[in-house]
Amino acid sequence: MENTSTQFTKAPAARIRKPVVISSVLLILLALTAGAYAKPLTITITQGIEAALPIAVVPFRVSGAVPPSEDLAQIVSNDLVRTGQFKAFPVKDMLSKPTDPATIKYQNWRILGVESLVIGQVENTGPDNYTISFWLQDVFQAKQMVAYKIPATSKTLRAAAHKISDIVYEQLTGVKGAFSTRIAYVTAEGDFREKRYSLWIADSDGENAQEILRSKEPIMSPSWSPDGKRIAYASLEQGGAQKVYIQNWQTTEREQVKTPLSGLHGAPSWSPKGDKLAFTITKNGNADIYTLHLKTQKMRKLTTHWAIDTEPVWTPDGGSIIFTSDRGGRPQLYRVAADGGKPRRLTFEGRENLKAAVSPDGKMIAMVHDSGNGNGYQIATMELDSGAMQILTEGRLDESPSFAPNGSMIIYATTGRRGELAAVSVDGKIKQSLSYQEDVREPAWSPFNN
Amino acid sequence: MMKVITRMTLATVPAIFLLFVLLAGCGTTGEVEDQASAETSASASTEASEPASTERADDQTATAEPMEPQTQMDPFEDPNNLLSQRVVYFDFDSSAIRDDALPVIRAHADYLASNSQVNFTLEGHADERGTREYNLALGERRADAVRRLLIANGVSPAQVRVVSYGEERPAVLGHDESAWSMNRRAELVYANR
C-alpha cells in the first residue's frame, strides 16, 4: 500500500443489504423472515497475548449537516481489540484528541506508551454521503504509515470502518485483515423436541445478523461460494429427508441441488473455482462422496466404499478433496484426487478425526479430534507436510472448524450451558467466545471479497 | 413407545424408560404403575402413565365405558405387545442390531408383512458425540440395518421410507452415557400413529 491518499473506488465496503426479493418457492415451506435482525453475537476475548500492540484510535472529527449514525473510531478500536493482538488506549485517558496529522504531539503519545495512532474525520458531503479520511501514524518514528479517503453512505458506514480496520491490521501485522468478512451460522431455539432452526449471516463482528432461512427441521453444514454470494447447506425440511440447497443470501432466492440419485444429500462444499459442489449421498446404509458440476450437471462418484464417507472439503488448489471415513474402523481423515483415485489416509493420531477444514494457504487442516483418552472432542490442526498435530481447544464437544480467510483464526462450535461459538488463533494463543441468546452452531467464515 | 416419547417432557423420560424396563420384567401392570409413579414426579405422572390409561380408565372416572373382557386392545398401545415398542437401540458408533432388539423387530416384521398396505418411516438417530454429518450418515446406517432385517422377514421394500436425523433429535438431553444410550436409536414411525 502507498502512503498517499487513495480513493476507494472499488471498495467492497459498499456492500449493503439489498431490498429483499422473496422467491415464491420459499414461501411454500418456510416462514421466511429475511430482513429480520436478532440480537447480535457477542464476541469477547477469553485469552489474549501479553505482547498486544498498544494502539490509540482517536474519536473521528464529525462535520456537516447530518452526523454519521455510527462511531467509526469505536468500531475500528473494537475490531482490533477483538483479535487479541492489540490493546486500545482508553479514550477517556487521552491527553489530546487530534483529528489532523499536523496537530499530533507525538511526544505525548510516546509517554503514554502508545505505538500506533489512528485518527480520522467523517464529513457529511451530501444528503446521504460521507467522506471518511483516516491516518495511521507511527508514534515512535513520528510519521504517517498510511492515509485513505473512503466514500460511504449511512448504510455503509460500518463496512467503511471495517475497511479501516483491515488496512490498519495489515499495516501493523503484515497479515491481511478479515474484518470485512461475514460468518454464517445456525441457531436452534425452543424445546428440544420442537426446535426452530434458522440460518444467519452476520458481519464478522457479529453485527447486522440477517436471518436467511427458518425451518422446523434441522439446518446444517453451511458452505460459502468462493465469491461470497451464495451459501450451500443441508436441510431436513422435506419430511426429515436431508437435501442440499444453494441460496443467494442477499436476495434469499434458492434452489435445491438435484441429482438423479435418491437418498439423503448432505455435507456440501464449494470448489475453489465455484463451478462444482462436493457433497455426500447416503443411501442403503452407505454414504459416498460425489462432485457435481453446477453448470454442466456432470456428476462424479468420488468414493465407492461400504464405509461412511462424508464431510468432503476441497483443497485451495482444487486438486483434491479431504473427507471423513470410518473405513479403517473409526472415523479418520482421508484425501482423494478431485478427479478420482485411491484415497489415502491423512490422520493417524487419536481415536477419531473428523470434519476437516483446510487453511486458505492449503498447508494446514483443522479437524474435530478425539484423542481417545476420554476428554471428548476438541479442535486440532495438522500441518499437511510434516503431519505435526496441535490440539487448540479444551471443550468436550467442539466441532465444525472453519478458517478465517486470512488464516489467522479458526471459528468453531462448542458447548457451554448451550451451544456457543468460539474462535481460536491458529497458534492457540488467542481465544474468543461468541455467544448468543440461544443455541448457536455450524459456523462458516466467509471468503474475502464478499 | 414412539407416541409416548414425542409427548413426554424431559423430566419424564427416565421415568418412562424405567416404566418400560419394569413392564418388561414384571408380571402385573398394577405393580408396575406403583413402582413407576414412585419414581415419577407428580406433574409428570399423568403423561407418564398414559400407555396404561385404558386399563385404568374404570378406576379413575365414573363415566368411563365398562371394559368388556374380550375387547381387543390396540396392539400398538398395549404395553404387553411388542408392537408397542418402536425404538431399537444401538451401541456406540455401531449399526449392528443387538440381540435384545430382535424380538421387537420380528414382531413389526410379522405385522407389516401381513399388512402390506401399511407404510412406515424408519428414523435413524445418533448420540451427540462426533460430527453432525457423520452422525447423520450413521443414523441412516442404523435405520437401514433395521430396514434390511424387516425386509429379510417379509416386509416389502415399498413399505419403508428411511430418513436420518443424526444427532439433531435426541430422545433424552444429557451429556453422559445414560442419555447417549437412549439417543443411539432407530424409530419405527407408522403413519397416523
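Eight positions of helix 2 of chain A are buried: A:Leu72, A:Ala73, A:Ile75, A:Val76, A:Ser77, A:Asp79, A:Leu80 and A:Arg82. The model is predicted. Helix 2 spans residues 72-82 of chain A. Because 8 of its 11 residues are buried, helix 2 is largely enclosed by the rest of the structure. The buried set includes A:Asp79 and A:Arg82 as well as A:Leu72 and A:Ile75. After helix 2 comes A:Gly84. The phi of A:Gly84 is positive, near 80 degrees.

Chain A is divided into two parts, domain 1 (58-173) and domain 2 (182-445). The C-alpha centres of domain 1 and domain 2 of chain A are 37 Å apart. Contact between them involves 7 residues of domain 1 and 6 residues of domain 2 of chain A. On the domain 1 side, helix 2 of chain A gives the most, with 3 residues. The residues on this side of domain 1 of chain A comprise 4 polar and 3 charged, with no nonpolar.

A:Gly190 lies in the loop that links strand 8 (182-189) to strand 9 (196-203) of chain A. A:Gly190 has 12 other C-beta atoms within 10 Å. The cut-off for an exposed residue is 12 or fewer, so A:Gly190 counts as exposed. Beyond its neighbours within four places in sequence, A:Gly190 is in contact with A:Lys195 and A:Arg196. A:Asp439 is 249 residues from A:Gly190 along the chain.

One residue pair can be named here: A:Ile231 has A:Gln247, in strand 13 of chain A, as its bridge partner.

Note on methods. Residues are numbered from 1 along each chain as its sequence is written. Chains are lettered from A and ligands numbered from 1 in the order in which they are written. This is a predicted model: local features need pLDDT of at least 70, side-chain atom pairs count only at pLDDT 80 or more; totals for chains, interfaces and linings use all residues. A residue is buried if 20 or more other C-beta atoms lie within 10 Å of its own, exposed if 12 or fewer, and partly exposed in between; C-beta atoms are placed from the backbone. Helices (H or I, at least four residues) and strands (E, at least two) are DSSP runs, numbered from the N terminus. Two strands pair if DSSP finds at least two bridges between them. Domain bounds come from an automatic or database domain assignment. Two residues are in contact if their C-beta atoms, placed from the backbone, lie within 7 Å. Ala, Val, Leu, Ile, Met, Phe, Trp, Tyr, Cys and Pro count as nonpolar, Asp, Glu, Lys and Arg as charged, and the others, Gly among them, as polar.
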